[in-house]
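Please look over the model below before reading the notes.

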Amino acid sequence: MTDNRRRMRNVTTFISFVALAAVGSMSLLVYSDLRHGYGGVNWLAFGLFSVLLFLGETRPSMWMRFGEGGEVTPGWAFAYALLLLGSPAGAVAVMVLTNLYVDVRHDKGLLKIVFNASQIAVALSIGGLILHAFGVHGRLSFANPIPISAGVGIVIGGIAVFTINGLLTATVIGLHEGVGFKQTIHAGFALSMTADGALLAMAPIFVIAIEYSLVLLPLLGVTSFL
């Protein structure tokens, strides 16, 4: 077996495991969502953020660039904001479907399409399960103080999404290129993940802003797409 064939076999095996993990984590999240109900969901804000997420993923943001051709979209900020609006399973579905649309439109190939969708599903589903575990079941509101436990859950959930997304992506790149995990990180991946982390940190601010007033929605659009 040639080295290239061995690498592709490893990549395919890894993507299969990630896909299985995506199915399992999403199933647990759907169960948890149904168990806690959807009475506290702000569906208007959820719909608006879903539109902003779609626009952000299909139109790369111009205010974050990393070297030649490196672009960062604001999709992760809106995806985590959707988790905080009270329907984590819905948030995962919106992000996964949006990325499927983008990847299919750009003809990225079956393996990459499956991996991207599965990676997003795993990261966001685990983030959503962490939020539930810390009692974050409804939407955030500027009118009510956020309990310390909920604040800790939001931080840990964001870190989990950021870390899982980074580890899965670095691993599959390393397997495909035949290089070590550390080398993949040092090659520039850590830089883009820092941007994703900054975007995730903005999500609670987005949610509280839109809960305060829909008038602030244009400001979020300006911040994210200019």
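1. The largest nonpolar core has 54 residues, and Phe49, Tyr80, Leu82 and Leu124 touch the most other members. Such a core is a set of buried Ala, Val, Leu, Ile, Met, Phe, Trp, Tyr and Cys residues joined through side-chain atoms within 4.5 Å. Buried means under 20% relative accessible area, exposed over 50%, and partly exposed in between, with a 1.4 Å probe and protein chains only. Two or more residues of this core come from each of H1, H2 (43–58), H3 (75–84), H4 (88–105), H5, H6 (148–177), H7 (181–212) and H8 (217–225).

2. This is a predicted model, in which local features need pLDDT of at least 70 and side-chain atom pairs count only at pLDDT 80 or more, while totals for chains, interfaces and linings use all residues. Residues are numbered from 1 along each chain as its sequence is written, and side-chain values use heavy atoms, with hydrogens and water left out.

3. The protein chain has eight helices and two strands, in the order α-α-β-β-α-α-α-α-α-α along the sequence. Helices (H or I, at least four residues) and strands (E, at least two) are DSSP runs, numbered from the N terminus. Of the 226 residues in the protein chain, 46% are buried.

4. How many residues of H3 are buried? The count is ten of ten, so H3 is mostly covered. Among them are Trp76, Phe78 and Tyr80. Leaving aside residues up to four places away in sequence, Tyr80 touches Leu131, Gly153, Ile154, Gly157, Gly158, Val161, Leu200 and Ala203; contact here means heavy atoms within 4.5 Å. After H3 comes Gly86, with a positive phi near 110 degrees.

5. Two packed helices are described by the angle between their axes and the distance between the axes. For H1 (residues 3–36) and H5 (residues 110–133), the axes come within 7 Å and cross at roughly 35 degrees. Axes are lines fitted to C-alpha atoms, for helices over the stretch in contact, and angles run from 0 to 180 degrees between N-to-C directions. The crossing of H1 and H5 is left-handed, meaning that the near helix is turned anticlockwise from the far one by less than a right angle.

6. Asp107 lies in the loop between H4 and H5. Its phi is near 50 degrees, a positive value in a residue other than glycine. Is Asp107 buried or exposed? Asp107 counts as exposed because its relative accessibility is 67%.
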